[in-house]
Amino acid sequence: MDAPQSARRIIETADAPAPIGPYSQAVIANGVLYCSGQVPLDPESGELIEGGIAEQAARCLESLAAVCRAAGTRLQEAARIGIYLTDMGEFPKVNDVYSTFFEQPFPVRTTVGVAALPKGALVEMDATVPLATDPG
């Protein structure tokens with residue numbers, strides 16, 4: 001008997017950092033793109049980018065946008081963005097960068113203060129993006 005075909009499709013792109021653990025950059029399931037958290041790593045070197053919170057937030061969003069493109073959609077179509085900060089005092093700077101990536105109607109958003117993030121990052125972001133049609 002053949003194994004049932006998976007209802008999930010994995011999305012991977014070289015335009016975002018490779019996973020640093022046992023997970024995928026994103027998965028499409030039931031017409032929704034679930035993007036793993038992105039820390040501000042350079043996609044080529046896999047190392048933390050230089051700069052402060054604003055530069056790191058922009059890199060997180062650029063990586064999420066690249067994953068969305070690989071899935072045939074745009075980050076601007078996101079329904080939800082999760083933001084994880086090691087210093088909630090930096091939230092206004094992150095919000096300024098965030099506002100350059102999105103227009104109304106904005107996705108819902110959760111921002112959580114955390115003790116630490118992988119590789120010493122100051123910020124991590126994930127996204128959930130409904131797809132008009134599953135491109136798979």
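Q: Is the crossing of helices H1 and H2 left-handed or right-handed?

A: A crossing is called left-handed if the near helix is turned anticlockwise from the far one by less than a right angle, and right-handed if it is turned clockwise. The crossing of H1 and H2 is right-handed. This is a predicted model, in which local features need pLDDT of at least 70 and side-chain atom pairs count only at pLDDT 80 or more, while totals for chains, interfaces and linings use all residues. Residues are numbered from 1 along each chain as its sequence is written, and side-chain values use heavy atoms, with hydrogens and water left out.

Q: At what angle do H1 and H2 pack, and which residues make the contact?

A: Helices (H or I, at least four residues) and strands (E, at least two) are DSSP runs numbered from the N terminus, and axes are lines fitted to C-alpha atoms, for helices over the stretch in contact, with angles running from 0 to 180 degrees between N-to-C directions. Helix H1 covers residues 53-70 and helix H2 residues 91-99, and the two pack at about 40 degrees with their axes 9 Å apart. H1 and H2 are therefore oblique to each other, given that angles under 35 degrees count as roughly parallel, over 145 as roughly antiparallel, 65 to 115 as roughly perpendicular and the rest as oblique. Ile53, Ala54, Ala57, Ala58 and Leu61 of H1 make the contact with Lys93, Val94, Val97 and Tyr98 of H2, where contact means heavy atoms within 4.5 Å.

Q: How many aromatic pairs does a search of the whole structure find?

A: A pair of aromatic rings is described by the distance of the centres and the angle of the planes. Rings of Phe, Tyr and Trp (its six-membered ring) pair if their centres lie within 6.5 Å, and planes under 30 degrees apart count as stacked, over 60 as edge-to-face and the rest as tilted. The search finds one pair. The ring centres of Tyr98 and Phe102 are 4.6 Å apart and their planes stand at 35 degrees, so the pair is tilted.

Q: Which residue lies over the face of Tyr98, and are Tyr98 and Phe102 buried or exposed?

A: A charge sits over a ring if NZ of Lys or CZ of Arg is within 6 Å of the ring centre and within 35 degrees of the ring normal; here Arg109 lies over the face of Tyr98, at 4.5 Å from the ring centre. Tyr98 and Phe102 are both buried, a word that means under 20% relative accessible area, with exposed over 50% and partly exposed in between (1.4 Å probe, protein chains only).

Q: Where is Arg59 found, and which residues does Arg59 touch?

A: Arg59 is found in helix H1 and counts as buried, at 14% relative accessibility. Not counting residues up to four places away in sequence, Arg59 touches Asp15, Pro40, Leu41, Pro43 and Ile49.

Q: Which residues have a positive phi, and where is a cis peptide bond?

A: Most residues other than glycine have a negative phi, and most peptide bonds are trans. Asn30, in the loop between strand S2 (26-29) and strand S3 (32-38), has a phi near 50 degrees and is exposed, with a relative accessible area of 71%. Lys119, in the loop between S5 and strand S6 (123-130), has a phi near 60 degrees and counts as partly exposed at 43%. A cis peptide bond, with omega about 0 degrees, joins Gln104 and Pro105, and Pro105 is in the loop between H2 and strand S5 (108-113).
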